[in-house]
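Here are my notes on the model, point by point. Please read them with the coordinates open.

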Amino acid sequence: MISGSGLFPARRVTRLPGGYMGRILRVDLTRGITKDENLPEEPVLRKFIGGQALALYILLKELSREATPYGPENKVVMMTGPITGTGLTPGGTKVTAVYLSPLTEYTLGRGASSGFWAVYLKAAGYDGIIIEGASARPVYLFINEGGAELRDASRVWGKGARATEDLLRQEVGLKDAKVMSIGPAGENLVRAAMLCNDYNHNAAHSAGAVFGSKKLKAIVVYGTQRPPLHDKERLIEAGLRWRKTLVVRNEDEKKTAGHAEDLHALPNLNYRSSLIEDHARGFEQNRITLRPCFQCQRLCPWDVEIGEGPKKGTIGHYNAGSEWLDTFFNLGVKGNEVLYLAERINDLGIECSHFSCGAAVAFEAWEKGLIGPADTDGLRFEWGNVDTIDRLLDMAAKREGKWGELLAEGPTQVAAAIGGDAPKWVVHTKKGTPALHDWRPHFGQMLREIVASGGMKPQGGGSAKPPPDLAYREKWGPLDRDDPTGWPWSQVLSEQYRQFCGLTGGCWFAQMHMKPDGLKSVSDSLSATTGWDFDLDEGMVAGHRSMILQSIFGTQRGWVADHDWQQVGQRFLEPIPDGKFKGFTIGKWIPQMVFDYYRLSGRHERTGRPFMDTLQNLGLEEFKEWAQLD
Amino acid sequence: MSEKYGNLIPTGKLLDGRPRTILFDATKCIGCRQCVHACKDWHDHPRTSVYEFSSSNWIQMDPPVLEGLSPLWARNSCMHCEYPMCAAVCPVEAITKYDEGPVVIDPVKCIGCEYCIYACPWGVISKDEVTQKASKCTMCAPRVSEDKSPFCVVACPVGALDFGLEEEITAKAHARASEVGGETYGENEAGGTQVVMVLKERKEAYGLKFILPEKYPAHKIPLGLMLKDLFTPRCGVSGKLRALYLAIVHPKRLVYRYWPRRASKDFQ
């Protein structure tokens, strides 16, 4: 076990700020042992706070440059934040996992999830987990009130996420235990396999594949501890203010076509139409149950009991976002069979866009005659063929047959195997896939999908106006939706404040509506919890630091900023074929927008390396080896 | 207030003397258990099981399944009875009925005799395994004394919980019940309580108990427990002396403790 980084003091010399449990669990799967580490000293905590930045700082210190995504030397660092699990703010539910990405193989992989699991990790006495090595046989990690052990997982190996969750809860004999697991997709190294927890929640972007490569089926957590609070009264006050800034979700909107309605575009038949038609037919007959995350009043997660059609009676579990709807709309399915398939894909643990973008290329190839029944073992790759899609989901999760292998690998691999013009039809960025919506009409979201600070999965896109809480320093907007001016800076800012919210252990869905006091109440919650006097300027710097760390991780492994715009699927940048935004594309402003984005965030526009003064301003001089010197 | 109770139970006043009521609207409840966790958060209780009553879990949502996985949800917690049998049977005056509604156990006075646990018609009182004191929801009495709502009510994300003056909440409950074609629960049970529920199905569907509308409903404190408390060192010498002194000062309370059926009849 590596403990020589000096990050984890044998005995703390600085105070442990409020909100932290004070310990990280290190798990060596090769040797089958666990060890407690003390959290880093207070100055490190104040700089990186928690979540992605603290986890990544640890990963940067510990991960070998020679590590490969599926090798035992890859590590997964999972971190909560100080406001995770206080119960007194909305959105205090987040855990973020970082690792070398199996999708790109050279940039940061990041999966984040909400629900209850992170709260109970802290209740068990830990702020985070470092997972290293690889087990020879399937195991699960059971963390119970400050103790941890690896247990045999052969009973649940091969099971879906739902069954795994139920069975492991039974096995540990604790009804209140929370389970994060991988489905068959993770076990079989589907490159975009997810972590699944608390039924409705998934951490996307391939953390599940890394778990699978380590034969780690699940982490079960239980405990009764609560994070110590610096000033509970102030935290309650800040949390109630934060709550007032939420836009609360409701049952009725779960009977629509989802986020596509907000975007005014929906991906049909591999992004070849953006029209919203009768996609949500039959949804009005469903029974919807809202299943909010721990003490969050935004009410994102929901369950369905399908009320009509061939899948009547099916129960499904979903979170906010609705990309799983567009996933199957994109394959020509409409109505309640979409919800049925969405439940299947989540249970198998495949990131939905990974499957959809791959299968859509294959279906388009079938439509255009590039492949036929002789190539598909008799399966008919027809748009909207639910039976075929159902079968392909299983095949992908288990890497069965040629198409299972290809869909598990990813859309670019599917297209390469088909050949011809197929590679032009792939929607992807750096071989990964965007959260599956039709983002193409929107500058902020498209730039977000393409750059993501050299990572793969972004954290929200720039808005046409700065959040009201930043009006004291940002005097611009509203931006024009047809003009690129200002959008790169909007993206730089949005990444900063969204990163900041995540670092606190908060969910950015709980502050995305940008109402007055939305950001201020987050930083006030952090201050009340920790005892630090955090303001928004310091929060923005922390967010910026997290962005720079993310691209440094890629820089160390050969990523350059040019890859962001050179490795984008052509279909993603084509003019929109129809509908309200017909003919629009941001393609004509690429790569200039990408150049502007990197330059404005203090990095070189071609290499993506941070400038020395950027590192100095952020207190990251220790990474000067990776700076852009000219 | 003491006139109403004929000196049967300790009474007190927190604020303005006007009774308050909690409204639980089962037609809106989604079973998220945010009220359960909020209760723990306000009282700094450890995050013990949310599925069963304990000294650190004062609200229990039925059925005991994962959040959201049931179409119907019932709230089980202290009903803050208008005529609290728990207070009537307490031999050491550890339980007080406040004019504003809360029925509160004073852990300093409690000697751990468990009479209240058996006397409660709803079975919502627990014994702390460490301190050996009785424990239950306080209706956030300190918050009520500042004219604030109980913290569970504040936390509810869907407006299934409400809190206010008894007459206003009762009117709301009736209006809502007739709107959904349902019924109310808690207004008359055990002679009336400070928690009123709006149900859209029959109470049996929620697993709610049938409790007669009589004040101080008859309890079933086991005879063995009473004998043990009287004739063994249980509850301590000072506890026994206090109980003895109070029995002399308030002899009528003994009827409630030891002949509940008779007492219950007398009081109607």
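1. Start with the helix pair in chain A. A:Gly51, A:Gln52 and A:Ala53 of α2(A) meet A:Gln499, A:Gly502 and A:Leu503 of α16(A). Contact here requires C-beta atoms, placed from the backbone, within 7 Å. The residues of this contact comprise two nonpolar, four polar and no charged. The nonpolar class is Ala, Val, Leu, Ile, Met, Phe, Trp, Tyr, Cys and Pro; Asp, Glu, Lys and Arg are charged; the others, Gly among them, are polar.

2. Now the geometry of that pair. The axes of α2 (residues 51-62) and α16 (residues 487-503) of chain A come within 5 Å and cross at roughly 80°. That makes α2(A) roughly perpendicular to α16(A). On this scale, angles under 35 degrees are roughly parallel, over 145 roughly antiparallel, 65 to 115 roughly perpendicular, and the rest oblique. Axes are lines fitted to C-alpha atoms, for helices over the stretch in contact, and angles run from 0 to 180 degrees between N-to-C directions. Helices (H or I, at least four residues) and strands (E, at least two) are DSSP runs, numbered from the N terminus.

3. A caution on provenance. This is a predicted model, in which local features need pLDDT of at least 70 and side-chain atom pairs count only at pLDDT 80 or more, while totals for chains, interfaces and linings use all residues. Residues are numbered from 1 along each chain as its sequence is written, and chains are lettered from A and ligands numbered from 1 in the order in which they are written.

4. In α21 (residues 592-600) of chain A, the residues A:Met593, A:Val594, A:Asp596, A:Tyr597 and A:Tyr598 are buried. Buried means 20 or more other C-beta atoms within 10 Å of the residue's own; exposed means 12 or fewer; partly exposed lies in between; C-beta atoms are placed from the backbone. The cover over the buried residues of α21(A) includes α15 (443-451), α16 and α19 (562-566) of chain A. Just after α21(A), A:Gly602 has a positive phi of about 85°.

5. Three strands form an open sheet in the order β13-β14-β15, with antiparallel pairing. β13 (287-290) and β15 (315-318) of chain A are at the edges with a single partner strand each, so one side of each has no neighbour in the sheet. Neighbouring strands are turned by 20° against each other on average, direction ignored. β14 (residues 302-305) and β15 of chain A pair over four bridges, antiparallel; pairing requires at least two DSSP bridges. A:Trp302 stands opposite A:Tyr318 in β15(A). Helix α10 (residues 336-348) of chain A lies across β14 and β15 of chain A, at about 65° to β15(A).

6. Chain B next. Its secondary structure comes to eleven helices and eleven strands. The radius of gyration of chain B, taken over C-alpha atoms, is 18 Å, close to the 18 Å from the globule rule for 268 residues, so chain B is as compact as a globular protein of that length. The rule is 2.2 Å times the number of residues to the power 0.38. Buried residues make up 49% of the 268 residues in chain B.

7. Finally, the interface. The contact takes 16 residues from chain B and 18 residues from chain A. On the chain B side, α2 (residues 34-43) of chain B gives the largest share, four residues. That side divides into eight nonpolar, five polar and three charged residues.

How values were computed
Two residues are in contact if their C-beta atoms, placed from the backbone, lie within 7 Å.
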